Structure formats: C-alpha cells, structure tokens
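Welcome! Please take a moment with the sequence and the model below, and then we will walk through a few places together.

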Amino acid sequence: MEQYKSREIEAKWQGYWEAHPELCQANDSSDKPKKYILDMFPYPSAAGLHVGHVESYTATDIVSRYWRAKGFNVLHPQGWDAFGLPAENYAIKTGVHPDFVTHENIKNFTRQIKSLGMSYDWSREIDTSSPEYYKWTQWFFLFLYENGLAYKKKAKVNWCESCQTVLANEQAEGGICERCKNPVVQKDLEQWFFKITDFIEQNKNTAGLLEGLDKLDWPESIKAAQRNWIGKSEGSEIDFKIVGSNLKIKVFTTRIDTIFGCTYCVVAPEHKTIQELKGRIENWPEVEGYIEKTKSKTDLDRMEAKEKTGVEVKGVKVVNPFNDEEVPLFIADYVLAQYGTGAVMAVPAHDERDFEFAKKYDLPIKKVVSPERIPMGKDCFTDDGILINSQEFDGLKSEEAREKMTKWLEEKGLGKKVINYRLRDWLVSRQRYWGAPIPIIYCEKCGEVAVPKEDLPVVLPTDVDFKPTGESPLANSKSFHEVKCPKCGGEARRESDTMDTFVCSSWYYFRYADHVNDEEFAAKEKIQKWLPVDLYVGGAEHAVLHLLYARFFTKALHNLGYIDFDEPFLKLRNQGMIMAEDGRKMSKSLGNVVNPDDAVAGFGADSLRIFEMFMGPLEDAKPWNTQGIVGVRRFLERIWRLQEKITDEESKGVRALVHKTIKKAGEDIEMMKFNTAISAMMILVNEAEKNGIAKDSYGSFVKILAPFAPHIAEEIWEKLGNAESIFASAWPDYDSGLIKDEEINLVVQVNGKMRDMLKVGADIGQDGAKAAALESEKIRVHVAGKEIRKIIFVPGKLLNIVV
C-alpha cells in the first residue's frame, strides 16, 4: 500500500481545518454542557515556540478534542501576552519599535502552533498590546481605584539599574532581575499599588486567598507555594521597654512560649527607633555604616542570605517584660521593617537562625523548652515541648503556655495576640514604554484625577525615545501629555508610568468569553455561560505571580457584585520541564535546544505530539530522546499499515481489546494520564497486526487516536469512506459486556499471606472461590486440621481464608 507521507497529510488537513473553523469554535448560543479549557497564553518571544509549549498545548488539545467528541460545547482559545520588557529592550538596542517586533513574533508563533494541528478557536484570539484589549486593562485599574483598591504612595522598591525599572518582589528573587539577570537595588519612589492584602482573608462574602485554596483542584505544591508567599503567622506582639527611656520596641513572635530564653532582641536597620536613639548609641558610625550597606540589598536577599549579619547597638538595652532581664539590642538585615513589627526577640536555644547568630557573636543560649520524650540535645530544639526555666509557666506544654502567656500579657497591658502576613500590596508601576498606560491625569488645581471611562483607551504614543533613563519614556512624549483636566478643563499632565504586564494577564480569561465587546470587558451573560475556567494548564513557575494576581482580580469582581464565583481556575495542572538529552536544562548557550520546527520537519507533527505525551506523566520533568521520537514515528507507520489488516472475521479477543482501549483512553484523558492511554493503544496495535481488525473496530480505534494524532486520524478516517471530518463524529461507546474478562487471576491468602493464585471465571462468587481454593494442594497444606473461622472475599481480586 502507499506510504505514510506525514508532510503531505499534515499540510492537507491543516488547510482543511483552516477552511472549516467551525470544527473547533465555541458556540455562545448552544445549550450543550460547556467546558472551558485554557492554556496560559504565551509571551511571543523572538525565540518562537519551544518543546515545553508543545507539551502543554498538546495536552489541552487532546482534552478539548475529547470533550467536543463527547458532546460538550468547548471553549479552547489562544492569544498573546504581548507587552513586556524583552521587546522594549530589543528596541533600545536596535531602534526597531516593540509593536513591530511583537507582531512579527506573533506571526511566527501562530505559524508554529498551526503546524502542530492545535484546535484553538482562533476567532477569539486576543492581543494584550492592542488598544481594544488594554482599554479594558485600564478599565480594571479604574475599577480598583474607584473602590479604594488602587493607591499611590512613596515606597522602597526593587530597582533594576540595567532595565531602569521597578520590579515586584517576585521578579527580583535572589536580588537578581528575572529579565536581564543583573543585580537589583532598593530605591524610594512614588508608586502605584493594588490592595491585594484586602483579600488575604474573607472579605464580606468573598473567600480569602488563603481559604480559597482549600476548594481548588490544584497541585499541592502550587497551593503550598501560595500559602508560603502569603505567609500567615499567628503570634504575639510584646512590648520591650528601652532601659532609661520612655520608648519601647514592639516585638512580634510566634513562639511566646520561649520568651524566658530571650537573650537579645533584633530590629530591622530601617526601624524608626534607631534614629530616635541616635544620640545614645555609642557606636553610631558602625551602626550607620551597616544601615547604608543594607540599602543595596533586596528584601529577598536579606531573607534568604545564608550568613546572618548584624551590629550590636551599644549603649542600648531592652527589658524582657516576663522576667525584667535586660538584654542587648542588635540591628540585622534578616529582620524586615515591613514584616510584623520590624523587631524580633531572639531565642537561640529554640530558633536555628538565632542560634547561628548567637554562636557567631558569642551571645548567651538559654534552654527553656524541653522535648517531651527524648533527651535535650546540644543544638537548638525548635519543636514544641514542655516549658522549663520559665518560672510559673514551668511544666506547661508549649501550646497551653502560648495561650496563658498571651493572656498574661494582655492583662498587664504589655502586649496582645496578633496575626501577620508576609504578602504586601502589589506594586504595579513600571517606568517603561511597552505596557498599558495608567489612566490617571495630574492637574495642579485638582490633583490626581481618573481618566473618564468614556475616554479610554489612553493610547500609547509613537513619539518616544526608548533609551532607559529611570523615568518612563512616556514622560518625554509631547503628544501623550497634550491633555486637559477632566474636572476643571485646565492644563494637565498624564501619568507617565505604565502597568506591570501581570495586570494584563490577570483578567484575560474573561475576555475570551466576549472578545469583541466594546461596551464592557465581557457581558455578564457570557461570563455566566463560560466562567470559571474548567481546566488551566501552564508552568509551575507562575505559582505566586500570575496565579495569585488572577485570583485577586476575580475576588475583587466577586466582592463588588460583578460575578457570582470567586476563583478563576477550578482545576490547574502543570507540565513538567523537558530537559535536553544530556539531562541539562535546554539553553541557547549550551547549544542543546530542540526546535519544534525541526522535529515536525523530520518526523511529523503527529509524531512530535504523541512522543511528548508518551515521555512520561505530564507533570514530571523528562529528558528529550531522539530515539524515542523515531520509535513513535514507526508506531504511526504501523497504525497506517493496519489498513491492510482489515478483516471480516475479527477475533473475539481483538474486538474485546478495542472496547477496553476505548474505555481506557477516555478515562486516561479525563485524568490527563496521556502516556498510559498511548500504551493501551500500542497494545491494541500489536494484537491487530497479528490477528487482523474489523473495519468498524479500526474506525473506533482511529477515533480515540484522533485527539493525539489528528492529521493521520483524519486521513485514515477519509480512506475508510467517511465524508465528514473525524472531528464531526462522536467519541465511540464501548460495550460493557465485551470489556469483562472471562477469566481472572484470583489471589488466595491464608491468614493474610498469599499462598496461591488461581485462574477462575471472572464472575465467580464467594462460595465458588472458596471451593476452588480448597481444591488447591498449596492451600490444603495450610488449612488441614484447622478450623476456618472467616472468609474474606473481594470479588475479582482475592480470597482470604482465616484459620
């Protein structure tokens, strides 16, 4: 028969799908049940698609095609997270406008995606850099601003000198800019913030960011990352008086049960009390030098530094309110002014960080909590235990002691129970050009004025200089600032900062539901029909960035009555990283990047799709293997040649296996276990090659293959005499009578130990199983002369005889 010519077949069917977009378009007026299946939309970089994109996009494509075949109305759109620093940095180097570069990249991405046979609803394509889209990003800014959830203040920010812009904490991890990999410093600037902290806990009828995680079908690692980033700490706030002064330092601790072991206190270098005590500090030049040195470090640098540094504030001591002991005061950069009170009590016997610091500076270590069951070791003990050396609280368990000690504080007016959070409000200002302009106008008479919504969008001007100066390029655009105050009509000036690109991606999933609406970001009836997203797939690296911000936007809309749900993504799955063949991360500098275009040209899109799904579980990291894709190509060739194996006399075994494979593939797709579904198909192909396969069974098999390898499935389907696309046909039903095994292997145990395995009829009952077991020589040896007290029978699996 003719050869399997993947290149010709794939070009043919991609042309067909382009001419028949209705095969994958969502229908707003259909009464079918809906499924909203969404990929994290890509930033259209110059590098184009990578094999990680192919992995996640193939996964959602399989799921989308499956649910369409099952009779669901599926929304599976694609678009572009098009604003961002790389395009602007490229413009700075070359002078080529970011808009041109971005849209050239989008053309390439679109070509690549279509070459892989993805079934996106392209009629709903969005582009965050288009005025039609960012009009509504600006609307969201005003929505938050008018409801007290957006504000401007002077703040210490992460500043990248290379990119000349502000970065969120999440974009400056390790003190390094995530974009250019250069160091980040601290700088005081007037910045815009969103009040994400208003939604940490329940806000009116809206579940908080913390408790909302409990109801989500998300990977536990992602939920843990969000909980850790929010950083809820329940503890006590305690007043430590400064000796010889009316001043006091408020200390926050989660372990008040260890307070009798406090041998020093630590405040952040920025703590206001340090400046107030300047005249009393005997080593002020040393303290001042340390404060200056700290200013060059980001918060994350300070929190994650392996070596803890600090300086004693000589001439100043503070008083422990529980035992009136005077202890020294230090400044140390591992304490942050904005977390808790900016001051901590140090208990080196029961805190590893304090223990390291005390050893380094030769400070006392006093044990006040003892393990309940094991002897106290030499190093610090950080768990709960029994209090010792704690006066009237001796003998109490830690949990009880915390309650009683906090109550004692409150009765004495020396402190109180408090809850603190690590999460800070979201800084959204960026001093760059390629982003959505912030819709605020400044008037000398009226001050800060919101742009009227009817004047949106505030469009990015073209008369800009892309050289980073620390001020937004928009600041020097004449056309941009030709504006009158909306209130008084006087001379005014626009806000020249743009928004963090994460603002654009915090609401884009709403826009797909109603992508051309010019009156609102999406009509309520469209939101009601499609949202929330049923399945969201993307990289785990977005755990505390995009995902947290998108949840905040959704909760704000719910809280203010726009929508009736408060979580955007019901089910989240992360694809694992595809590594290079040598086990290292793919990198241009290492020369080990696999280009999807090359794989498609060499082996075909269907081969690439199935190979990436067969490499292992979706969520696992996996190394690329060229021999593996060669093997998958051969598998598809064997499927193609099954056309020669069509028979009118199909064996009962093959027919049963077809129906088992239909069931298995459907269940595995729903559980996103694509590799095991492919394994089941391989087993079926092996049997069909040996024994032949009926035409209708072959057709059913091709239907379940179609979501995985759409091009070859369409071609075979046509060759089987079908006029319509295979994607206009329904998912095949399986015959439950055929999938039952006639015989099974029954495990037989005596007193819980396996003694034999019997081949018996699949429908055998307890009495029959018992009788068969007692005929076995291996079983009779263990029950002879003994009383059978109990029979435990698990149908289809095991029989346990208790003697």
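How many nonpolar, polar and charged residues does the lining of the second largest cavity have, by class? There are four nonpolar, two polar and three charged residues in that lining. For this count, Ala, Val, Leu, Ile, Met, Phe, Trp, Tyr, Cys and Pro are nonpolar, Asp, Glu, Lys and Arg are charged, and the others, Gly among them, are polar.

Before going further, a word on the model: it is predicted, so local features need pLDDT of at least 70 and side-chain atom pairs count only at pLDDT 80 or more, while totals for chains, interfaces and linings use all residues. Residues are numbered from 1 along each chain as its sequence is written, and side-chain values use heavy atoms, with hydrogens and water left out.

**Spaces inside the protein**

The structure holds two cavities of 30 Å³ or more. On a 1 Å grid over the protein atoms alone, a cavity is a set of points where a 1.4 Å probe fits but cannot get out, whereas a pocket is an open set with protein on both sides within 12 Å along at least five of seven lines; lining residues have an atom within 4 Å of a point. Points are joined across faces, edges and corners, and the volume is the space filled by probe spheres set on them.

| Space | Volume | Some lining residues |
|---|---|---|
| Largest cavity | about 190 Å³ | Gly84, Leu85, Arg430, Asp500 and Thr501 lie nearest its centre |
| Second largest cavity | about 40 Å³ | including Glu55, Glu612, Phe674 and Asn675 |
| Second largest pocket | about 1,300 Å³ | Met303, Leu336, Tyr339, Arg422 and Arg424 lie nearest its centre |

In the largest cavity, the lining divides into five nonpolar, six polar and six charged residues. Strand S6 (165–167) gives the largest share, three residues. Helices (H or I, at least four residues) and strands (E, at least two) are DSSP runs, numbered from the N terminus.

The second largest pocket is lined by 50 residues, and by class these are 24 nonpolar, 13 polar and 13 charged. Strand S5 supplies the largest share, six residues.

**Two residues to look at**

Lys154 sits in that strand, S5 (residues 150–160). Is Lys154 buried or exposed? Lys154 is exposed because its relative accessible area is 57%; buried means under 20%, exposed over 50%, and partly exposed in between (1.4 Å probe, protein chains only). Asp188 is 34 residues away along the chain, yet the two C-alpha atoms are separated by 6.4 Å. Lys154 touches Asp188, Leu189 and Glu190, leaving aside residues up to four places away in sequence; contact means heavy atoms within 4.5 Å.

Thr206 lies in the loop between strand S7 (184–194) and helix H6 (220–230). Thr206 counts as buried because its relative accessibility is 0%. Beyond four places in sequence, Thr206 touches Phe199, Lys555, His558, Asn559 and Asp566.

**A helix to finish with**

Helix H19 (residues 652–670) has 19 residues, which should span 27 Å at 1.5 Å a residue, and its end C-alpha atoms, 28 Å apart, agree with that. The expected span is 1.5 Å times one less than the number of residues. Among the buried residues of H19 are Val654, Leu657, Val658, Thr661 and Ile662. The buried residues of H19 pack against helix H2 (51–69), helix H20 (674–691) and helix H21 (695–705). Just after H19, Met672 takes a positive phi of about 60 degrees.
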